Amino acid sequence: MLEFDIHQYAQIRIDPTRIGLTAGFDVHRLTVSPELLPSGLDGPALCEIEADISVAGPDGRWLATAASTRVGLNNHNTMSVRLSFPLTNQQLLSLEEHRAGQDLLLELNVRAFLPLGFAESREQFRVPASVWQTELERLGTSFGFALAIPLPASDGAQRDAAGYLQDARRLLHDGEFDKAIGSARQAMERILAVADWPSISKNDDLFQRSQAQRWRAIYKTAFDQASGAEHADEVTKDFTYSRREAEALIGIAGSLLRAVPAPGV
């Protein structure tokens, strides 16, 4: 409850089934809509609300801060406040690991400012596992494993490959799917320059290939697919790539870079 003084206060009610997740590019939005029921105010008042959201419990940790918002309060009239919190893909993955399939216990730290008063309240609420899972599913393919692009050296082919992957992510964000794939392809070229993967042949017995040869086969297949974005021949001239396909090829290139031993290893 928000207590401005002994006479002025506002009760807070949070319906944990009304939380929402909205997909974004790397950063998603968690929406929580608490209801405020004021009492004892001198009259209608404009109130500024700030809020943080955290994981509740012994291993609790801060997650995000919502942009401040203003609401009009009137005695005995319930007012809903829409709070939007940015959460990265990695934070959502961490929450999934934390809850381990169970309900998710969160804590809302609400700060309210009236012209002549201030109040703060911490409110815990438990999001049912089924509700949270449904919201995650609404994110679709925008939510998934986070790929860290390694920067293994100050120079050299691996550093160049990481740079091309960063360019690929930027181009993907700009909607330049073919160019993003082209940048991922350039990263793959640098990866092959330092990878100790032996050559392979279409006549190989696939079951007899070594571990290193199988990495080379993964590389070759991904590289051939990425080469289609150049539309350089009769076969590939009409190829079209979607965002999902671009994301997949960038992810494969990043994974190949992680599979290459770091310099000096």
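**The aromatic pairs and their surroundings**

Tutor: The chain has 6 helices and 11 strands, where helices (H or I, at least four residues) and strands (E, at least two) are DSSP runs numbered from the N terminus. The model is a predicted one, in which local features need pLDDT of at least 70 and side-chain atom pairs count only at pLDDT 80 or more, while totals for chains, interfaces and linings use all residues. Residues are numbered from 1 along each chain as its sequence is written, and side-chain values use heavy atoms, with hydrogens and water left out.

A search of the whole structure finds 5 aromatic pairs. Rings of Phe, Tyr and Trp (its six-membered ring) pair if their centres lie within 6.5 Å, and planes under 30 degrees apart count as stacked, over 60 as edge-to-face and the rest as tilted. The centres of the Trp197 and Trp215 rings are 6.4 Å apart and their planes stand at 15°, so this pair is stacked. It links distant parts of the chain, since Trp197 is in the loop between α4 (177-194) and α5 (211-227), whereas Trp215 is in helix α5, 18 residues apart. Trp197 is buried, at a relative accessible area of 11%, while Trp215 is partly exposed, at 32%; here buried means under 20% relative accessible area, exposed over 50%, and partly exposed in between (1.4 Å probe, protein chains only). An edge-to-face pair is formed by Phe239 and Tyr241, with 6.4 Å from centre to centre and 70° between the planes. Of these two residues, Phe239 is partly exposed with a relative accessible area of 32%, and Tyr241 counts as buried at 10% relative accessibility. Trp197 and Trp215 also belong to one aromatic cluster together with Tyr219 and Phe223.

The largest nonpolar core has 41 residues, of which Leu30, Ile53, Phe85, Leu108 and Trp132 touch the most other members. Another core, of 27 residues, lies apart from the largest one and includes Ala161, Ala162, Leu171 and Ile181.

Next come the strands, where two strands pair if DSSP finds at least two bridges between them. Strand β10 (residues 104-114) and strand β11 (residues 117-127) run antiparallel and are joined by 11 bridges, with Leu104 having Val127 in β11 as its bridge partner, and a hairpin through 2 residues joins β10 to β11. Strand β2 (residues 9-13) pairs with strand β5 (residues 35-39) in the antiparallel sense over 5 bridges, and Ile12 stands opposite Leu36 in β5. Strand β5 pairs in the antiparallel sense with β8 as well, over 2 bridges, where the partner of Leu36 in β8 is Met79.

His76, which is not a glycine, has a positive phi of about 65°; it lies in the loop between β7 (61-73) and β8 (79-80) and counts as exposed at 60% relative accessibility. Ala100, also not a glycine, has a positive phi of about 50°; it is found in the loop between α1 (89-99) and β10 and counts as exposed at 55% relative accessibility.

For the chain as a whole, the radius of gyration is 26 Å, whereas a compact globule of 265 residues would have one near 18 Å; the radius is taken over C-alpha atoms, and the globule rule is 2.2 Å times the number of residues to the power 0.38. Taken along the principal axes, the C-alpha atoms fill a box of roughly 85 × 40 × 35 Å. Of the 265 residues, 39% count as buried, and among contacts with a separation of 6 or more, 66% are between residues 24 or more positions apart.

How values were computed: Core = buried A, V, L, I, M, F, W, Y, C linked by side-chain atoms within 4.5 Å. Contact = heavy atoms within 4.5 Å.
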